[in-house]
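Please look over the model below before reading my comments. They are kept to a few points.

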Amino acid sequence: MKYDPKQIEPKWQKKWEEAGVFAAQDKSDKPKFYGLVEFPYPSGAGMHVGHIKAYAGLEVISRKRRMQGYNVLFPIGFDAYGLPTENYAIKTGIHPREVTDRNIRKFTEQLQRVGFSFDWSRVIDTTQESYYKWTQYIFLKLFEHGLVFRDTALVNYCPSCKVVLSNEDSQGGHCDICKSEIIQKSKDVWYLRITAYADKLLQGLDEVDYLPNVRLQQENWIGKSTGAFVNFRIQDSEEQLRIYTTRPDTLFGVTFMVIAPEHPLLEKLRDRIRNMEEVKAYQEACQKKTEFERTQLAKEKTGVCLQGITAVNPVSGEGIPVFIADYVMMGYGTGAIMAVPAHDERDYAFARKFGLRILPVIEGGDIRIAAYTGDGRMIHSGFLDGITNKKDAIARMLAYLEEKGIGEAGVQYKMKDWAFNRQRYWGEPIPIVHCAHCGIVPVPYEELPLRLPDVKEFSPGEGGESPLAKIPEFVHCKCPRCGRDARRETDTMPQWAGSSWYFLRYVDPHNDTCFADADKLKYWLPVDWYNGGMEHVTRHMIYSRFWHRFLYDIGEVPTREPYAKRTAQGLILGPDGEKMSKSKGNVVDPNEVVDVYGADVLRTYILFMGDYASAAPWSETGVKGCKRFLERFADLYELTTDEPSSPEVESALHKTIRKVDADIEEMKFNTAIAAMMSLINTVSEEKHISREDYMVFIRLLCPFAPHLCEELYSRMGGEGLCAQAAWPEYDEAKTVDATIEVAVQINGKLRATVILDKDASREAALAAAKAEPRIQAMLEGKTVVKEIVVPGKIVNLVLR
RNA sequence: GCGGGCAUGGCGGAAUGGCAGACGCGCCGGUCUUAGGAACCGGUGGGAAACCGUGCAGGUUCGAGUCCUGUUGCCCGCACCA
């Protein structure tokens, strides 16, 4: 058969659509499978082949599940709020709505050309009122349950985007979107109290099947540590200095304290601090430092001693100096530390620089050279002296602190509350009203959606205000509580909002009385398998797990965890081996590949190019190889007759079914395809395959190259559609060969091979091995001291 | 600095502790052709051979790419986290 993708692909895509074969059934006796891929942000650049790889994995699995008799939900949608579209609008004056609709059309066309088996009746767009109404609803629920709060804080501010960023969006001191340097700015910020869910998010990881590195990254992100809070007295003062430490066992070794430059104690003690000028100068210098300077260039410790302030070591009673230094951060713990220079590298460096006392309290190491962070016997530590076990020492100290009321055990998390507002137009309006009399008042549920008003001017206001602040009709409103004049919140939600619950909406996307029907949620949840990029493992996944867990706690969803299983695909690199990017000009457009080679070749190549989870460079010649593969597969059509296949072909077919089936489940698509290539080689050598067996092969390849397989299936006279045909099953008996080649080793080195009956005895194997001329020659004049026989694999003779 | 991962032909990559290099690309040779940067067929780790070969050095084992110890290089995540 001549393989002409241009002719067959549109034809079958149309037939699938007409037959509605990919529409998930809300009621069904079949077992359910919910496969989820991360929905794309519809950028103006269109999709690149990386998107295709991200979806192709679960595409194959979903198609296989349908053939296996599952009721499959495999949906797609668009995460369409976001900065690039808004920036494009600012530049061109074209409304983000228009740009978004255009981009969504382009993405949809691209996805359909590849023949993905998405349920197109459930497409969602986070920027539609019917969708963001429920994003706002969930926000109000969070508000109602005290998980939304407002605070004035130093925030990460991007001077280029003119927007406040979460810590997640400004890692390394650079804006996640435009890469410019972040500055600290004091602002009113809406927070979601995700830290209240830190423990639940951590414990939930025990209930799910995530890739080990995905789980680890989430654990690190949450960053739980256990330790103690200890209150240090300030001499001649009512003030106390509260610190957090993971090493309360070293308390006797505390010889000074350090607080963050922004620590509130400085204000309280300003009259007592004799060198306030110097302190102020230091504070200002710190503020000017970028996050980068403060963290990356952290080799040299700096700080200022607070003259006139003395703290008291609560266990030794010793008076100790207090410093401010920027190696202590206000954002973690209490913004103050007890310094144990003998056993902490940072404290040691600081003590060395400022000539402070270094008192060892754990034996081992040499404090003249470096801090000792290992374990050992407690010394110079009063009631702890002689204890050799760190755990015991910590327990004793905690008991003492609690007894004396100077401290207690505590935990800390690296995860911070989620800064939830952006000074942007293209996002969900935050449904809050500021009333001079009532304070912060939520918009009533029945007024949702709070519509995003139409504007002509998209650039942010001066000082980074949201464009919404420039629309009087939007800003001015009546307080829902007292009816007096009030102002609307003009900030919008961050891009992460819409994607935090989209998997729930797919279950019931057209419902306008609730975000999804409870029975449907109960049927479909949890997502059985979620695949996406590693870059979304911490932020998007943590956020969405948080929202989901919250909804579970208030009884709105039936499962604690949203995703039962999570995998991640590797990047597709450019042909040059570099990460694909517009600036490098190495981006491969899937449309061009489909134009030249067809969708089936694109799909097959993307899954064949390497391990699905690893990065691999694009290769144009590799694509051609897959084209040849599909052509050769189509050519087998000429080799079919009603005669049964040869035993070689039959055995190869059943082995291949077994391998492809197992490999798909482990996302080892590359070896599954390789096995099918080998099967073609076997059939070509035998020059024949039965019609029946060829039909089996067609169904086996169908999830990878569905258009070609539909065409062949129909030409072979198959009933209905191949996409709905049964998944092939293998016959174990037919995977066993009558004879096996067994390797013969002498002293562990391969010397010969022998052909044996499939269930040859140990004796028969040994006899055959020893009869082999080459082996016979090597046995000459030697003693066999050991004979190892692994049935069907190997015979090893140990000689002396 | 801490945590995790990886290292195999010219390239992408295969190998439940049991014949290293499956499968594909590339390359070489051939067939067909006015032509081949098309298609098809054959070959292809190194070495003349004995043999040698999975970053490097050890170890465990009858047997190690695979397990253990150390080491080097690269990649990813976190990063003055107290």
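This is a predicted model: local features need pLDDT of at least 70, side-chain atom pairs count only at pLDDT 80 or more; totals for chains, interfaces and linings use all residues.

1. Residues are numbered from 1 along each chain as its sequence is written, chains are lettered from A and ligands numbered from 1 in the order in which they are written, and side-chain values use heavy atoms, with hydrogens and water left out.

2. Chain A has a mean pLDDT of 91, with 96% of its residues at 70 or more; pLDDT is the predictor's confidence in each residue, from 0 to 100. The scores are ipTM 0.95 and pTM 0.93.

3. Helix α23 (residues 706-715) has 8 of its 10 residues buried, so it is largely enclosed by the rest of the structure. Buried means under 20% relative accessible area (1.4 Å probe, protein chains only); helices (H or I, at least four residues) and strands (E, at least two) are DSSP runs, numbered from the N terminus. Among the buried residues are His 707, Glu 710 and Glu 711. The cover includes α1 (5-19), α18 (599-608) and α22 (691-701). Gly 717, with a positive phi near 85°, follows α23.

4. An open sheet of 4 strands has the order β28-β27-β30-β29, with mixed pairing; two strands pair if DSSP finds at least two bridges between them. β28 (749-757) and β29 (784-790) are at the edges with a single partner strand each, so one side of each lacks a neighbour in the sheet.

5. Strand β27 (residues 739-746) runs antiparallel to β28, joined by 8 bridges. Val 744 is opposite Ala 752 in β28.

Notes:
Buried means under 20% relative accessible area, exposed over 50%, partly exposed in between (1.4 Å probe, protein chains only). Contact means heavy atoms within 4.5 Å.
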